[in-house]
Amino acid sequence: MAPTFWHIRSSKGTACCSLVSSVLPSQDYYGKELQKLEDLKTNACVTSSRPPLKVVRDALERVHEEVVARYYGCGLVVPECLASCRILDLGSGSGRDCYLLSQLVGEQGHVTGIDMTESQVEVAKKHIAYHMDKFGYQKPNVEFLQGYMEKLGDIGLADESYDIVISNCVINLAPDKRAVLREAYRVLKSGGEMYFSDVYASQHLSEAVRKHRVLWGECLAGALYWKDLYNIAEEVGFSPPCLVTASPITISNKELESIIGNCRFVSATFRLFKVPESSQAGPGQVIYNGGIVGHEQELVFDANFTFKEGEVVDVDAEMAAILRSSRFAEEFLIRASEANTAAPQGCCRKGMKEKICNPFQLLERLAAPGPASCPGGTCGPPGCC
């Protein structure tokens with residue numbers, strides 16, 4: 001088979017030109033063909049849309065160099081307010097994010113990494129002692145398991161056993177994405193969160209794209225149509241997805257462009273919450289107390305809500321329920337809205353200003369000059385579909 005060059009560029013990363021002599025299924029692809037980050041044939045899965053906090057950068061510097069070199073993900077997936085949390089990382093690979101989060105949850109917290117690829121799990125496991133010594137922990141607060149994220153019960157993960165589930169550019173590799181979200185929902189505690197980055201498409205993918213093995217292994221052929229995420233989340237029982245960030249992925253190779261056609265791709269971060277019925281009420285007003293480390297002045301919760309310390313913010317019923325039931329409850333004063341003028345609820349609700357929930361629209365807003373380019377708030381253009 002003659003070698004072929006593929007060239008894909010993300011606006012947040014560097015160009016990636018790689019030599020492809022054969023294409024393996026994703027399990028072999030991430031275990032055998034890829035030995036280090038530079039072996040990726042595209043950079044669709046190494047894009048990040050906003051710089052990490054200093055505490056995160058410092059934590060990352062303490063992660064073993066082999067773990068970092070063998071990690072392939074969409075930048076960093078680090079939610080806020082993590083002290084003493086139990087976190088599950090779906091598709092943990094060599095364990096980079098797990099070791100980073102191990103420091104942020106502290107010795108009283110716990111991080112579990114699951115990956116389908118034996119060689120990646122082995123890399124992660126062999127550095128546990130190194131990291132626990134580096135962090136000054138008396139006993140490990142991380143573990144790594146080999147298994148499938150669609151079948152967490154097969155590796156013994158119990159119902160309602162985690163505060164947070166994270167994932168970094170791997171759900172696109174799962175054929176049954178409903179099963180992944182269903183399992184994440186099952187293992188989350190009431191009020192728990194799924195915080196994840198992945199690649200999304202602007203439309204349903206053609207069969208030619210879905211069966212292209214280079215595009216599959218490089219995170220594009222398995223990309224979910226972004227609207228389907230909202231439908232699946234609702235079916236599973238999650239609150240409507242909160243869009244956090246988005247970064248564009250552009251393709252400059254003519255051969256790949258002809259296969260993909262007019263479809264566009266984006267790397268986006270979403271957060272989903274397991275909100276109990278008892279927390280679901282009407283809209284409210286909230287005041288952030290500034291107590292989250294690294295976010296003392298303001299908390300950019302998602303693309304639609306930014307909470308400044310001591311400032312009253314009107315929120316819709318969905319956001320009020322999320323803050324009331326989640327680990328963020330102690331960080332906010334929450335009260336019923338004084339008038340029925342709360343912020344927009346849901347995506348494309350008639351009679352209300354719409355939230356930004358389309359990641360491609362968020363890209364347009366971020367690229368626009370002036371106030372519309374600011375994160376959080378509801379300053380973007382109207383309409384989200």
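Helices (H or I, at least four residues) and strands (E, at least two) are DSSP runs, numbered from the N terminus. The model on screen is predicted: local features need pLDDT of at least 70 and side-chain atom pairs count only at pLDDT 80 or more, while totals for chains, interfaces and linings use all residues. Residues are numbered from 1 along each chain as its sequence is written, and side-chain values use heavy atoms, with hydrogens and water left out.

**First stop: C81.** Select the loop between α3 (65–69) and β3 (86–90), where C81 is placed. The phi of C81 is positive, near 60 degrees, and C81 is not a glycine. Most residues other than glycine have a negative phi.

**Next: E160.** Move to the loop that lies between β5 (142–146) and β6 (162–168), and pick E160. E160 is not a glycine either, yet its phi is positive, at about 50 degrees. Its relative accessible area of 47% makes E160 partly exposed, a class between buried (under 20%) and exposed (over 50%), computed with a 1.4 Å probe on protein chains only.

**Last stop: a sheet.** Select β14, β11 and β15, which form an open sheet of three strands in the order β14-β11-β15, with antiparallel pairing. Strands β14 (312–315) and β15 (332–336) are the edges, each pairing on one side only. Neighbouring strands here are turned by 25 degrees against each other on average, direction ignored; the axes are lines fitted to C-alpha atoms, and angles run from 0 to 180 degrees between N-to-C directions. Two strands pair if DSSP finds at least two bridges between them. Strand β11 (residues 284–288) is joined to the antiparallel β15 by five bridges.
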